[in-house]
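Colleague: I'd like to get to know this structure step by step. Please take my questions one at a time.

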Amino acid sequence: DGDVVTSSDYTFVGGTSSSSEFPQIEFNSFLDYNIQIAVDGDCEDSGSDSFILRINEIPVITNNTTSETICSGSPTDGFVFTSSIQDETSYSWQWVTEQTTANVSGFLETGTGNIPSQNSITTSDSSVGTLTYSVTPSTSFCIGEPESFTITINPVPEIQSFSETVCEGDSFTSISPVDVTNGIVPSGTTYTWVIAKNSSPDVIG
């Protein structure tokens with residue numbers, strides 16, 4: 001890539017130096033190091049050779065936000081990934097079966113690049129759903145550690161219609177929807193109600 005190796009890019013450690021028989025070198029930068037070896041013999045002969053040691057950086061995902069929460073059926077924001085070597089990193093992702101609840105459906109299972117916004121993720125019951133993706137960063141030379149990204153899906157109440165017949169002057173039973181029996185009724189659901197405009201004007205009280 002044209003970067004020049006300087007003395008700050010490597011350090012001899014363990015009490016060794018460039019003239020040691022077995023030098024120990026600590027490399028401080030991600031570069032291509034051209035290492036030359038020279039050997040002097042006892043009979044006034046000598047030889048040398050060289051090899052290139054390439055130190056490549058392993059990409060690390062650096063997103064601060066790795067989760068979001070939506071209501072069932074609402075669009076997600078999606079995830080735009082960032083990396084320690086942003087311009088050189090590619091991403092692949094897939095859903096994690098064991099970390100995704102069975103009541104969640106309508107999601108993308110695998111892909112590459114960023115995770116796009118999704119509009120059809122839903123839950124099938126009154127429980128909170130969880131969808132987890134495993135995202136793996138990679139470059140041309142190295143594959144980084146996968147990171148988890150999670151979408152929490154809150155269920156939306158869906159109450160079925162109620163009907164009750166009473167005689168004039170009688171009272172009717174209070175309407176208290178029951179989960180499963182009367183639709184999807186998540187824990188903590190509250191209600192507001194009004195008398196429908198198509199109600200009979202003869203009903204009072």
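**Strands, contacts and pockets**

Colleague: Let's start simply: in which strand does Leu-53 lie?

Modeller: Helices (H or I, at least four residues) and strands (E, at least two) are DSSP runs, counted from the N terminus. The run that holds Leu-53 covers residues 46–54, and its name is strand S4.

Colleague: What is the relative accessibility of Leu-53?

Modeller: Bear in mind that this is a predicted model: local features need pLDDT of at least 70, side-chain atom pairs count only at pLDDT 80 or more, and totals for chains, interfaces and linings use all residues. Residues are numbered from 1 along each chain as its sequence is written, while side-chain values use heavy atoms, with hydrogens and water left out. With a 1.4 Å probe and protein chains only, buried means under 20% relative accessible area, exposed over 50%, and partly exposed in between. Leu-53 counts as partly exposed because its relative accessibility is 28%.

Colleague: How far from Leu-53 is Ala-196 in space?

Modeller: Leu-53 has its contacts (heavy atoms within 4.5 Å) with Phe-27, Leu-31, Asp-32, Tyr-33 and Ile-35, leaving out residues up to four places away in sequence. Ala-196 is 143 residues from Leu-53 in sequence, and the C-alpha to C-alpha distance is 79 Å.

Colleague: Which strand gives the most to the lining of the second largest pocket?

Modeller: On a 1 Å grid over the protein atoms alone, a pocket is an open set of points where a 1.4 Å probe fits, with protein on both sides within 12 Å along at least five of seven lines, and lining residues have an atom within 4 Å of a point. The second largest pocket has 17 lining residues, and Phe-12, Pro-23, Ile-25, Ile-35 and Gln-36 are the closest to its centre. At least two lining residues come from each of strand S1 (10–13), strand S2 (24–27) and strand S3 (32–40). With 7 residues, the one that gives the most is S3.

Colleague: How many nonpolar residues are in the lining of the largest pocket?

Modeller: The largest pocket holds about 1400 Å³, a volume being the space filled by probe spheres set on grid points that are joined across faces, edges and corners. Its lining has 31 residues, with Phe-172, Ile-175, Trp-193, Ile-195 and Val-203 closest to the centre. Ala, Val, Leu, Ile, Met, Phe, Trp, Tyr, Cys and Pro count as nonpolar, Asp, Glu, Lys and Arg as charged, and the others, Gly among them, as polar. By that scheme the lining of the largest pocket has 4 charged residues, 13 polar ones, and a nonpolar count of 14.

Colleague: Phe-172: buried or exposed?

Modeller: Phe-172 sits in the loop between S12 and S13. Beyond its neighbours within four places in sequence, Phe-172 is in contact with Glu-164 and Val-166. Because its relative accessibility is 56%, Phe-172 counts as exposed.

Colleague: What is phi of Val-180 near?

Modeller: Val-180 is in the loop between strand S12 (158–159) and strand S13 (183–184). Val-180 is exposed, because its relative accessible area is 68%. Val-180 is a residue other than glycine with a positive phi, near 75°.

Colleague: Which residue in S10 stands opposite Trp-95?

Modeller: Two strands pair if DSSP finds at least two bridges between them. Opposite Trp-95, the residue in S10 is Tyr-133.

Colleague: What is the relative accessible area of Gly-129?

Modeller: Gly-129 is in strand S10. Away from its neighbours up to four places in sequence, Gly-129 touches Thr-101, Asn-103, Val-104, Thr-123, Ile-151, Thr-152 and Ile-153. Gly-129 counts as buried because its relative accessible area is 0%.
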